[in-house]
Amino acid sequence: MTPEPLNRLIAQLARLPGIGEKTAQRLAFYILRAPPQYARDLSQALQEVVEKVRLCARCFSLTDQELCGFCLDARRDDRILCVVEGLADLMAVERTREFKGRYHVLHGVLSPLEGVGPDQLRIKELLARLEPGRVEEVIVATNPDVEGEATALYLTRLLKPMGLKVTRIAQGVPMGGDLEYADQATLARALSARREL
Amino acid sequence: MRLLRLRYSDFRNLADVELAPSEHATIAVGQNGQGKTNLLEGLFFLVTLKPLRASRLQELVRFGAERARVAGTFLLGGAEREIAVEVSGGLRQAYVDGKRASSLEEYFGGVAVVAFTPDDLDVVKGGPEGRRQFLDRAVFNRFPAYLRESRAYGRALKGRNRLLKDHVAPDYLESWDVTLSQTGARLWTRRRALLTELAPRAVAAFAAIGRTVDPAAYTYAPAHLDDVDFQSAAEPALARALHEALVRRRARDLERGFTSVGPHADDLEIRLGERLARTYASQGQQRALILGWKIAEIENLHAALGFLPLLLLDDVSSELDPERNAYLMDYLAASGAQTFLTTTDAALVEKAASADTVWYRVVGGTCTVEARGEGPASG
């Protein structure tokens with residue numbers, strides 16, 4: 001019989017996404033064998049992350065203050081706003097280092113089949129922060145699937161009447177990728193949206 | 001493309017069967033319920049990842065077994081490739097040369113199959129759903145991206161139907177109308193492109209089968225479209241037209257709780273002369289209309305892909321009258337395609353056979369090679 005505290009730790013770790021029973025066991029043994037300070041640091045980090053990290057009151061990305069770093073950064077351009085589905089998408093856009101505007105995180109997309117309607121997303125909050133004269137362009141960067149497209153269209157219908165320029169990220173063959181590896185639906189779409197050189 | 005070897009493990013009633021097919025005709029002879037059709041179904045499933053007969057995936061696994069597997073060794077562009085598919089726990093997984101195939105497209109690169117079953121023969125007189133499925137199978141064969149595109153449409157359609165039932169705000173429904181019309185317009189252009197290629201060939205094939213003076217006509221035109229010429233409109237114009245139709249019919253759709261216009265509600269119209277074949281053609285003529293379509297599909301794939309598809313014919317000969325069967329058998333023998341036939345009566349398919357035909361006898365889920373001559377005599 002393994003001691004109950006160890007079992008409890010393994011059970012908690014195994015709940016994490018991508019972690020199976022065996023990996024959970026390995027992680028638990030690692031924590032057990034490491035100097036006790038590691039376990040104290042880890043538990044403090046865990047505590048703090050849930051206590052201190054919350055959603056930014058303006059863009060709904062993550063922050064440990066009222067507003068996040070993206071919203072506070074004075075060098076960023078107020079006139080352009082990028083709307084994304086989730087935090088992972090925000091990070092992906094940010095990694096490009098190309099975008100210098102502000103963000104807005106919807107925390108999902110419209111999905112009738114999963115019961116997600118406009119009220120379940122941060123859409124009201126998006127409309128509220130678009131004061132006239134400040135933001136000029138909204139880039140809708142939801143995923144190019146059925147739900148992402150429908151969400152983009154829904155936002156367009158709300159934003160266009162406000163006199164905003166609404167744009168959608170382009171779709172097609174990935175840069176640096178080989179054509180031969182592109183899936184056929186993407187390639188077909190890229191072909192039909194080809195442009196003259 | 002050529003299939004060199006085929007192995008079934010726990011697929012339906014085939015516990016462990018290995019086939020070494022002919023370069024041309026391979027014929028499985030057996031009584032009903034012995035597993036002939038399972039041989040074809042396994043091959044069809046291997047190449048398309050879809051069951052030939054409507055069924056749940058788990059039904060493909062032999063009773064009492066954990067997983068079903070079909071593996072085929074193909075000669076593709078001069079190289080031997082093994083493609084395999086496994087079904088277990090209601091899920092399927094495809095493999096190319098022993099490695100998991102991550103996307104369906106990766107898998108469908110160089111193989112194509114045209115299947116012809118007794119169910120197809122009822123397509124003319126059956127409902128529109130059967131004809132749509134019949135049409136879509138040909139579209140998918142020709143344009144592999146259609147699989148993903150039709151899934152996207154299906155998802156958009158389900159979403160809109162849910163919104164109709166929930167009576168959501170008009171703005172919200174509108175966003176789904178636009179998405180549905182965009183994905184729907186893509187299906188329309190695919191179906192139209194296929195018909196443009198296929199219909200003339202099918203008309204010619206039907207005429208060559210003979211015995212009917214009236215010409216055949218295979219047409220596809222969506223219902224409830226105003227102000228747009230379906231045959232010539234570009235995809236964005238079709239999307240606009242579908243969107244307008246959705247808006248026009250919105251009140252009615254809201255009342256009924258489902259979407260009444262779009263690719264899911266269309267029909268493939270098959271005519272003989274001026275009249276609808278569904279009501280006016282004889283049974284023999286209806287079957288000839290399907291036969292003409294299948295031959296057109298083979299020739300069209302040959303022209304488009306540069307190689308002949310595999311042909312699977314499941315006990316079709318017993319359903320055709322002797323002259324049309326003779327035409328089909330002659331066609332198969334002359335086509336040079338790699339063909340798999342099943343029959344209860346070897347005499348019916350003899351004309352498709354040649355010196356290199358491989359004959360199998362199927363009894364209780366096992367297959368044994370028969371020397372030429374024994375097959376027909378014992379059928």
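Reply: **Where chain B meets chain A**

Let's start with one pair: A:Glu114 and B:Arg155 join their side chains in a salt bridge, with N and O 3.6 Å apart. (A salt bridge here is a side-chain nitrogen of Lys or Arg within 4 Å of a carboxyl oxygen of Asp or Glu.) Between chain B and chain A the count of salt bridges is 4.

Before going on, some ground rules. You're looking at a predicted model, where local features need pLDDT of at least 70, side-chain atom pairs count only at pLDDT 80 or more, and totals for chains, interfaces and linings use all residues. Residues are numbered from 1 along each chain as its sequence is written, chains are lettered from A and ligands numbered from 1 in the order in which they are written, and side-chain values use heavy atoms, leaving out hydrogens and water.

Back to the two chains. Each side brings a set of residues: 22 from chain B and 22 from chain A, where contact means heavy atoms within 4.5 Å. Together the chains bury about 1,900 Å², and 64% of that is on carbon and sulfur atoms. (Buried area is the accessible area, with a 1.4 Å probe, that two parts lose on being put together, summed over both.) Our friend B:Arg155 turns up again here: with B:Tyr172 and B:Trp176, B:Arg155 supplies 30% of the area that chain B buries against chain A, more than any other three residues.

There are also 5 residue pairs in polar contact across this interface, both partners at pLDDT 80 or more. (That's a pair of N or O atoms within 3.5 Å; within protein, one must be able to donate a hydrogen and the other to accept it, and residues adjacent in sequence count only if both atoms are side-chain atoms.) On chain B's side, the elements giving two or more residues are helix H4 (146-166) and helix H5 (170-209). (Helices are DSSP runs of H or I with at least four residues, strands are runs of E with at least two, and both are numbered from the N terminus.) H5(B) gives the largest share, 10 residues. Sorted by class, chain B's side has 8 nonpolar, 4 polar and 10 charged residues. (Ala, Val, Leu, Ile, Met, Phe, Trp, Tyr, Cys and Pro count as nonpolar, Asp, Glu, Lys and Arg as charged, and the others, Gly among them, as polar.)

Now for what goes on inside chain B. Chain B is divided into domain 1 (1-112 + 307-379) and domain 2 (125-298), with bounds from an automatic or database domain assignment. Their C-alpha centres lie 30 Å apart, and 21 residues of domain 1 are in contact with 19 residues of domain 2. The two domains bury about 1,800 Å² between them, and their salt bridge count is 3.

Finally, peek at B:Gln285, which sits in helix H9 (residues 283-305) of chain B. B:Gln285 counts as buried because its relative accessible area is 19%; buried means under 20%, exposed over 50% and partly exposed in between, using a 1.4 Å probe and protein chains only. A polar atom of its side chain lies 2.9 Å from the backbone nitrogen of B:Ser282. Leaving aside residues up to four places away in sequence, B:Gln285 touches B:Phe206, B:Thr212, B:Leu272, B:Tyr280 and B:Arg324.
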